[in-house]
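Trainee: Could we go through this model together, sheet to helices? I'd like to see how you get to each answer.

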Amino acid sequence: MINLVRLDDRMIHGQIVTKWSKVIKVDRIIVANDKAGSNPIIAKSLMMAAPADKKTAVKTVDEAIKLLHNPLAASHDILLIVANPTDLLKVVNEVEGIKRINIGNWGLQAATDGKKREQITNFVALADDEKDILRQVADKVDDFVIQVTPDAAAVKVINVLNK
C-alpha cells in the first residue's frame with residue numbers, strides 16, 4: 001500500500017531519511033524517476049542516501065508503476081517519491097489507491113528547462129503548465145498538500161493554486 005507519494009526534486013535527502021520515513025512508518029521507499037532509474041551512478045547515490053532500515057528501489061517511472069501493480073506491493077507500506085509534476089500525474093493516473101500526496105520542494109533550483117516559475121511558497125515554485133498539472137492531480141487526490149517536514153503546517157495545494 002502506498003502510504004505517501006512525495007513530489008521532491010531532491011528525491012532522497014535528509015528530510016526523507018530522518019523524518020518522513022519514520023513518521024509515516026514505511027518499510028519500502030520507491031523513487032520513480034527516468035533519469036535516476038536509468039543511470040546506475042545516480043541510482044547508487046540515492047540508494048546510499050536512503051535509510052538503512054528501509055528497502056529502497058530506484059526505478060524509471062514505468063518500472064515503478066509496474067512494481068506498484070504487483071499484488072505483493074499491497075503487503076508493504078510504501079513511500080513513493082517522484083521528482084517532477086509530470087511524473088506525479090502519470091503515477092496518479094496509472095496507479096490505483098493513492099490517497100495522500102505532499103510536495104516537499106519543487107522548482108527552486110536553477111531552471112535548466114527554460115521555464116519561468118513563480119514562487120508560491122518558501123519551498124515551491126511553479127510554471128503555468130505545472131500549475132495545470134497539479135490541478136489535475138488535485139482533482140484525483142483530495143489529501144494533496146505542500147508540507148516540507150511532518151512537523152510543518154500542511155497547506156492544501158488547491159488553495160495555493162487558486163490564489
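Predicted model: local features only at pLDDT ≥ 70, side-chain atom pairs only at ≥ 80, totals over all residues.

Mentor: Residues are numbered from 1 along each chain as its sequence is written, and side-chain values use heavy atoms, with hydrogens and water left out.

Trainee: What is the strand order in the open sheet?

Mentor: Helices (H or I, at least four residues) and strands (E, at least two) are DSSP runs, numbered from the N terminus. Two strands pair if DSSP finds at least two bridges between them. The edge strands, pairing on one side only, are strand 3 (55-59) and strand 9 (155-156). With mixed pairing, the seven strands of this open sheet have the order 3-2-4-1-5-8-9.

Trainee: Which residue of strand 8 stands opposite Asn 102?

Mentor: Strand 5 (residues 100-105) and strand 8 (residues 143-146) run parallel and are joined by four bridges. Along that pairing, Ile 103 stands opposite Ile 146. For Asn 102, the residue opposite is Val 145.

Trainee: And which residue of strand 9 is the bridge partner of Val 145?

Mentor: Here strand 8 and strand 9 run antiparallel, with two bridges joining them. The partner of Val 145 in strand 9 is Lys 156.

Trainee: How many residues of strand 5 are buried?

Mentor: Buried means under 20% relative accessible area, exposed over 50%, and partly exposed in between (1.4 Å probe, protein chains only). Strand 5 also pairs with strand 1, running parallel through four bridges, and Val 5 has Ile 101 as its bridge partner there. Strand 5 is largely enclosed by the rest of the structure, because the buried count among its six residues is five.

Trainee: At what angle do helix 5 and helix 6 pack?

Mentor: Axes are lines fitted to C-alpha atoms, for helices over the stretch in contact, and angles run from 0 to 180 degrees between N-to-C directions. Helix 5 (residues 85-94) and helix 6 (residues 128-140) have axes 9 Å apart, and they pack at an angle of about 25 degrees.

Trainee: Which residues of helix 6 make that contact?

Mentor: From helix 5, the contact uses Pro 85, Thr 86, Leu 88, Leu 89, Val 92 and Asn 93. Of these, Pro 85, Leu 88, Leu 89 and Val 92 are among the buried residues of helix 5. On the helix 6 side, the residues are Glu 130, Ile 133, Leu 134, Gln 136, Val 137 and Lys 140.

Technical notes:
Contact = heavy atoms within 4.5 Å.
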